Amino acid sequence: MKRLILLSALIALCFISCESFLEEEPVGILTTSQFFNTPNQIQTAVDGAYIGLSRPFTSVFLGLPISEFLTFSALPGFSTNPFGTGPDESSFVRLDPIDPGNGYLNHAFNTVYVPMENINTVIANISETKVINDVLKNRYLGQMFFLRAYHYYYGVKLFGEIPLKTTPTESISDVELPKAKVEDIFNQIVDDLEMAEASGLPWRDETGHVSMGAVKMLLAKVYLEMAGYPLLKGAEYYQNAYDKSREIIASGEFSLFDQYAELRNPANENRGEHILMIQRQSNVANSELHNAVLPPAITSAGNIFNSSLLPTLEFYNSYMEGDSRTEDGAYFFEYEPGRITTYKYWDELAASTPPSGANIPLFRYADVLLLCAEAKANVDGGITSDPTAVEAYFKVRNRAFPNETIPTSLAVDEILKERIWELSFEYLLTWFDLQRTRKTLDVNNGEMVNLIGHKATTHLRAFAESDLLLPMPNEQVNLNPKLSEPAP
Amino acid sequence: MVGNAEIGDFATLARLTTSLTTFNKQPVTGVTLGALANQDLSWESSEQFDIGIELGLFNGRADIIVDFYNKVNSDLLYFKRLPSTTGFTGVMDNIGDIQNRGVEIGIQTINILTDKFRWNTGLNFTRNVNEVLNLNGDIMYPWSGRIMEGRPLNEFFGFKRLGVWSLNEVDEAATYGKLPGDVKWQDTNNNGVKDLDDRVVLGNGMPKFEANMVNTFTYGGFSLLVDLQSMYGLSLAQTTRHLQQNAAVRVNSYTVILDAWTPTNQNTQIPALRTPNDHPSPSEVADSYAIEDASFLRVRNIGLTYRFMPSWLNSFHLTNLSLGLNVENAFLFTKYSGMDPEYTSLGSQLDQGVDIYQYPKPRTISINLNVNF
């Protein structure tokens with residue numbers, strides 16, 4: 001019992017002040033001015049810049065399944081958190097107006113800028129270096145440009161206008177940065193990705209570093225974002241997204257796995273359908289996702305905080321009859337009659353020997369195929385019969401419905417639906433789609449409907465425009481009052 | 001130049017942190033930034049002015065010492081929090097100047113002195129007033145507090161909890177996005193939303209004064225010592241209770257939660273208990289409900305000793321024999337709801353007054369026998 005008290009206390013504590021409790025003073029005395037002098041030092045700094053990728057998936061407290069990933073994933077309203085680790089999480093499940101004091105906001109804000117500082121520092125320090133050859137230098141820089149674009153992409157999608165900073169912090173005066181306009185942030189992202197495209201990265205990198213495939217995929221995603229809300233750049237950017245995704249398809253480097261279970265096969269990590277993954281290993285950098293998606297322990301007090309991301313039955317039932325993704329062991333698992341859990345992060349190995357060392361999928365090829373189809377359908381005015389687009393869509397669709405035949409044409413809504421079903425509960429993919437299209441799936445009739453005014457089954461009220469972006473965290477506004485003003 | 005012993009090494013240098021990460025299941029060393037450089041960091045300095053009076057009165061029966069001091073710490077070293085757009089949570093910096101003024105009074109008296117009976121009293125009284133003189137135009141918000149020019153240090157600052165929205169206030173609650181049963185915070189700036197400008201000063205972690213009194217009574221071989229300690233006018237953040245009042249499913253809680261809002265118990269500070277997916281909106285840790293008056297009076301020590309008469313001891317070849325009973329931490333009088341209002345601080349220098357799982361002081365009863373041959 002005492003342990004339980006302590007546990008609850010620790011958890012509650014974490015909503016208050018995780019940041020300060022988790023701060024660690026470095027004990028080493030490596031200093032930046034003495035660094036970046038050897039090829040090995042440069043390599044460790046490049047690898048260190050990847051550490052930030054795992055922040056949204058890392059438990060904010062002691063391995064408990066409470067993370068940005070699990071919490072924000074409740075926003076579309078397709079999942080629930082039956083035991084509710086606390087009000088900060090429940091606000092997202094219920095779609096309360098998110099209080100600016102909510103601890104996740106500050107965590108997410110830091111997830112943009114703490115890794116960014118590492119990235120900017122590496123870029124600034126290796127741009128001029130002579131200790132490595134230009135080929136290697138350009139590849140390192142390409143990875144850093146990608147990472148900077150990636151973090152700004154998540155930042156601008158979650159918060160909208162945020163400060164834009166591409167150089168390391170050199171002084172502690174003038175640290176109150178103004179916000180930048182959404183368009184300027186997207187332009188910076190595109191600039192970085194174009195530089196990454198020209199950096200000579202290989203199409204694939206089975207060590208798990210950023211590859212050309214990941215660069216072009218993010219660029220395609222960003223073009224699609226810019227075509228939709230809020231920038232509404234329309235046809236030109238849909239065409240850009242289509243062209244970029246076709247480059248990835250035409251490379252022939254990527255393919256879908258035949259079986260859904262192959263997505264979770266350790267032998268397939270950084271290969272096949274996986275374009276970018278967060279690298280995990282059970283000893284030095286384990287993953288908590290396996291635990292987080294364990295079914296709720298109804299009778300045991302043991303796993304009280306599991307199933308933080310439990311699909312609603314309504315969402316599960318929105319998949320069409322015969323969809324292979326709903327079979328046990330594909331994307332879902334029926335752990336009790338009528339009770340469904342998500343199975344995408346199930347790690348067979350961790351079930352017997354925890355903790356889980358399974359990589360966390362970030363980008364996969366199915367997303368590229370669907371965005372290719374969606375972009376083209378939009379270019380063509382809402383419906384397309386372009387063979388590349390239809391085939392791309394059908395590769396994903398056919399895996400779910402092996403007996404279907406290829407359609408002759410495709411409407412945008414069909415593709416959007418397929419994206420929701422195919423990419424469900426992958427980090428913010430669905431939420432970002434909802435934001436940029438302002439459409440969502442009505443789970444009651446399986447139709448795409450307008451997001452604004454639609455009430456999801458887990459929510460207390462309908463979506464309003466004000467729900468599309470998270471508020472600036474109180475803590476940061478305190479430290480930088482300019483965050484309460486719109487971009488100049 | 002006095003420096004500050006609480007500052008870690010290498011604070012002026014930009015530091016790197018080495019950690020173990022992985023690529024393709026191979027352990028790999030990754031280096032990330034650890035701390036930001038502050039090359040302008042300089043010594044903290046202090047100036048102190050003291051004036052004291054020492055008085056002996058009534059043939060040495062009363063000694064009075066009064067000390068006034070005025071101390072100004074300049075270029076105070078502190079972990080200044082920075083916007084995270086810098087990539088760091090903060091940096092050691094010379095943040096400004098702080099003044100501490102106060103008085104210390106010590107009085108030793110012999111109240112009664114006869115052949116058989118003697119009563120001594122020792123009284124100490126200290127009052128300290130601090131003020132932030134200069135903060136380079138900044139306002140700092142340490143956890144649950146605010147540091148600002150012209151204000152005392154260690155001030156609690158946050159939202160004021162008025163109670164819980166009642167069934168009669170459905171419409172008004174709705175304008176804040178709340179339901180009856182949710183916490184009702186003061187809308188200080190009256191703009192219809194809960195925002196940072198609604199925060200008010202909620203108390204101070206430093207006492208208005210501290211006083212200690214030791215009385216010693218001696219009668220023949222008996223002596224009795226009573227040691228009293230008090231602090232007045234301080235507040236504590238009762239974080240322990242806040243944590244233990246968690247309404248999450250399947251966790252234990254303090255019984256105060258039984259006073260939660262219900263339609264028949266609307267006059268309460270504790271919001272309605274809801275199922276997880278129908279939960280009250282986020283809690284404010286350091287809201288006024290968590291900040292409590294922690295004034296206290298403690299009977300720190302009661303000691304009773306009997307010293308046997310030397311004439312009687314001689315026949316046993318003893319030079320000294322005494323028997324005593326001592327009760328440490330005998331009584332505590334306070335309205336504070338936590339275990340012990342005599343706090344230790346949560347973090348460093350300026351985060352005083354946060355009670356989080358404070359270990360209570362034990363009451364120790366000891367019996368002493370002292371024999372000298």
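Modeller: A salt bridge here is a side-chain nitrogen of Lys or Arg within 4 Å of a carboxyl oxygen of Asp or Glu. The model is predicted: local features need pLDDT of at least 70, side-chain atom pairs count only at pLDDT 80 or more, and totals for chains, interfaces and linings use all residues, while side-chain values use heavy atoms, leaving out hydrogens and water. Residues are numbered from 1 along each chain as its sequence is written, with chains lettered from A and ligands numbered from 1 in the order in which they are written.

Colleague: Which residue forms a salt bridge with B:Glu169?

Modeller: B:Glu169 is buried at 17% relative accessibility (buried is under 20% relative accessible area, exposed over 50%, partly exposed in between; 1.4 Å probe, protein chains only). Its partner is 15 residues away, in strand S13 (residues 183-185) of chain B; strands are DSSP E runs of at least two residues, helices H or I runs of at least four, numbered from the N terminus. With the closest N and O atoms 2.6 Å apart, the partner is B:Lys184.

Colleague: What is the relative accessible area of B:Asp340?

Modeller: B:Asp340 forms a salt bridge with B:Lys361, at 3.4 Å between the closest N and O atoms. The pair ties together parts 21 residues apart in sequence. B:Lys361 is partly exposed at 38%, whereas B:Asp340 is buried, at 1%.
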